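Open the model in your viewer and keep the selection tool at hand. This tour goes from stop to stop.

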Amino acid sequence: MKNIYERQKDILSIIQGLDISPTLYHNAVEKYQALGKYLNDSGLKAEIYPQGSFAFGTVVRPSAKDSSASYDLDFICQVMGSRNDYTPKELRDKVEIALKSNKTYADRLKIDDTCFTIEYADVGEIGFSIDVVPAADESDEVKQRLILKSLVPVLIDTAISIPKCNNMCKFRWITNNPKGLRKWFDEINAPFLSSSKEAEQMRIFAENRALYESIEEIPNELERSALQRVIQILKCHRNNYYARLKDGDEIKPISAIINVTVTKIAEHFNPNCTVFELLNYVLSELTIYGEHQYITEKDFNQKYGFRTVFSRPDGKWFIENPANPEDNLADQWNNDERIPNRFFQWIEIARKDLISSLEQKDNTQFRAILENGFGSVSVSEFLGKKYCGEATPRQITSQTAARPYSAQ
Amino acid sequence: MIFTKEMAHQQIAELLEVQSGLHIEAESETQIELTGDIFINCKSKGFFLSENYPVQIVIPLNSNELPYVIDNENRIAKDYPHRYDNGKLCLETETSIRIRFFDSFSLVEWIREFVETYYFSYEFFQRYGEFPFGERGHGVQGIVETYQELFHEKDPIKVFALMKAICEHPYRGHSLCPCGSNQKLRLCHGPIVMKYYMDNRLNKIVQADYKNIYDYLVNCYEQLRYREKAK
């Protein structure tokens with residue numbers, strides 16, 4: 001008899017292990033707040049706030065290829081004023097000059113087309129880096145346009161403009177709205193979070209007695225709901241799956257697609273569910289959306305009713321960013337069909353690995369599935385030798401391995 | 001390579017010690033059939049496989065034919081390109097298998113190196129859409145590729161010239177290398193190909209493949225001529 005509950009618990013313990021630790025969390029908060037203080041003290045009136053997985057509470061240790069890889073934490077540095085007060089290059093230069101004029105930041109600084117990366121390598125065993133994206137408030141004109149198009153106009157007020165470098169190294173503005181997206185996510189996540197709040201507080205408190213004297217000291221940002229765990233499981237499985245593909249780095253789905261689609265799907269699900277009930281539902285729904293590959297939009301709507309997370313009007317993939325109606329998260333899918341094709345193949349594999357295999361496979365087989373899904377280093381780190389068979393798997397040497405043939 | 005009944009039984013006994021899910025299903029004067037599950041537990045390229053596969057293994061007796069595996073419960077997808085319609089698995093080129101076991105055949109090693117790796121490649125392909133170690137070209141192309149690897153020579157024309165020389169001449173290290181490099185054989189491909197000249201068993205394998213490739217090329221040439229005439 002397979003203990004499915006125990007297997008689910010073990011998957012969760014891997015994900016908990018890959019999540020940002022409270023120590024690292026406090027360190028990162030301290031660092032980004034210090035950066036904000038420094039910028040303001042040096043005369044650049046700016047607000048620094050988290051975006052992406054750090055804002056959503058869905059961080060996972062990133063690289064499947066390098067187990068000691070550091071966490072990438074994303075922040076917006078929103079300078080006072082709107083985009084009408086600067087050219088994109090002026091805004092970027094202002095932030096760059098400020099960062100370079102302080103030795104602490106200058107020595108840790110890496111610069112690319114969109115952001116400034118500050119690396120903190122020596123915090124505990126695993127380091128983190130802070131990606132700072134300069135921004136200014138979006139213009140009223142653009143905001144009005146977005147409000148008219150948006151299904152949730154109340155989110156638009158926080159829209160920002162970001163200097164983006166094109167191929168010719170010329171900067172232009174692009175619109176984004178990470179605060180709005182976080183607000184949207186937090187509202188959907190709230191009932192899931194309150195359902196697991198007590199258990200989460202107990203867990204964090206038990207695991208971090210040296211850090212907190214009472215439950216009240218635990219920041220809410222460290223609690224994880226079923227929704228956040230589902231996103232983390234899928235991100236981690238995605239990292240490991242795409243790391244095995246030759247073209248994985250080119251076609252890996254962006255985290256925003258996982259965050260937004262999973263959240264939209266979860267919106268109408270019972271918030272008192274377990275992580276794996278929600279995961280099962282999400283993966284079933286994503287499998288249905290995969291039908292868009294084979295049938296027309298009209299046939300899809302007739303067959304599957306009102307499902308709008310993914311759509312394909314005129315054959316073009318569309319996943320709306322709820323906080324920015326002009327942002328199609330699936331833009332790249334329409335330039336490279338490998339991306340949607342592989343995305344839905346991955347969903348099929350994830351469903352097999354995370355749902356059906358838990359019931360069907362014996363312990364040794366389950367161990368192999370865990371190592372394929374979450375990486376052998378992580379599985380060994382958090383589960384030791386659990387589920388390992390008596391014999392260790394034989395290593396096949398690539399250079400001399402047999403290759404399938406067909407004489408006909 | 002030819003199995004007598006006694007040799008086959010001895011090797012089957014060794015095999016059943018490591019693959020206890022198999023049993024002898026049928027036996028005649030010409031072949032022994034094993035059926036049951038083989039357990040595969042291996043890893044490569046970050047992928048782990050731990051799985052049982054139902055198979056039928058046929059071991060021909062008193063024949064030069066190699067043992068083969070039939071996917072008797074259709075575990076391999078029908079559209080997988082390396083499975084024949086009758087369920088027989090295309091493990092590798094016969095050349096690779098025969099050369100690997102040219103001095104003595106081992107059923108245990110054959111399962112380990114060819115059958116297990118076949119299923120590993122299959123599962124990797126189903127999951128990632130890529131072959132972990134590549135795949136052989138079909139027909140003659142796959143045989144030529146095998147010799148390209150064995151002779152450490154990328155150019156298929158040079159490979160064919162080397163095969164021809166191995167079949168038609170004795171080894172002479174001071175002669176010019178058949179690859180056309182203008183170097184002496186012993187300073188060029190000689191050290192790699194010498195064993196195919198010297199060992200009668202290896203030489204026979206090359207002879208058979210050379211004849212196949214030659215016949216195939218002649219046939220292609222005649223078809224081309226026929227088409228030209230028809231124009």
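This is a predicted model: local features need pLDDT of at least 70, side-chain atom pairs count only at pLDDT 80 or more; totals for chains, interfaces and linings use all residues.

**Stop 1: two helices of chain A**

Select residues 338-360 of chain A, which form helix 13. Now show side chains. Helix 13 of chain A brings D353(A), L354(A), S357(A) and L358(A) to the contact. Helix 14 of chain A answers with F366(A), I369(A), G373(A) and F374(A). Sorted by class, this contact between helix 13 and helix 14 of chain A has five nonpolar, two polar and one charged residues.

**Stop 2: across to chain B**

Stay in chain A and pick K361(A). Which residue of chain B does the K361(A) side chain meet in a salt bridge? Select E51(B): the bridge spans 3.0 Å, N to O. The count between chain B and chain A is four salt bridges.

Next, display the whole interface. On the chain B side, 45 residues are in contact with 32 residues of chain A. The two chains bury about 3400 Å² between them, with 49% of it on carbon and sulfur atoms. Highlight F48(B), R127(B) and Y128(B). These three supply 22% of the area that chain B buries against chain A, more than any other three residues.

**Stop 3: the two domains of chain B**

Colour residues 5-128 of chain B as domain 1 and 139-230 as domain 2. Their C-alpha centres lie 29 Å apart. Seven residues of domain 1 of chain B are in contact with 11 residues of domain 2. Together the domains bury about 710 Å², 75% of it on carbon and sulfur atoms. Select T95(B), I99(B) and F102(B). In domain 1 of chain B, they lose the most area to domain 2, together 71% of what that side buries. How many salt bridges are there between domain 1 and domain 2 of chain B? The count is zero.

**Stop 4: a helix crossing in chain B**

Select helix 6 (residues 190-198) and helix 7 (residues 200-230) of chain B. Their axes come within 5 Å and cross at roughly 95°. Helix 6 and helix 7 of chain B are therefore roughly perpendicular. From helix 6 of chain B, show K195(B), Y196(B), Y197(B) and M198(B). From helix 7 of chain B, show N200(B), L202(B), N203(B) and V206(B). These residues make the contact between the two helices.

Conventions. Residues are numbered from 1 along each chain as its sequence is written. Chains are lettered from A and ligands numbered from 1 in the order in which they are written. Side-chain values use heavy atoms; hydrogens and water are left out. Axes are lines fitted to C-alpha atoms, for helices over the stretch in contact, and angles run from 0 to 180 degrees between N-to-C directions. Helices (H or I, at least four residues) and strands (E, at least two) are DSSP runs, numbered from the N terminus. Contact means heavy atoms within 4.5 Å. Ala, Val, Leu, Ile, Met, Phe, Trp, Tyr, Cys and Pro count as nonpolar, Asp, Glu, Lys and Arg as charged, and the others, Gly among them, as polar. Domain bounds come from an automatic or database domain assignment. Buried area is the accessible area (1.4 Å probe) that two parts lose on being put together, summed over both. Angles under 35 degrees count as roughly parallel, over 145 as roughly antiparallel, 65 to 115 as roughly perpendicular and the rest as oblique.
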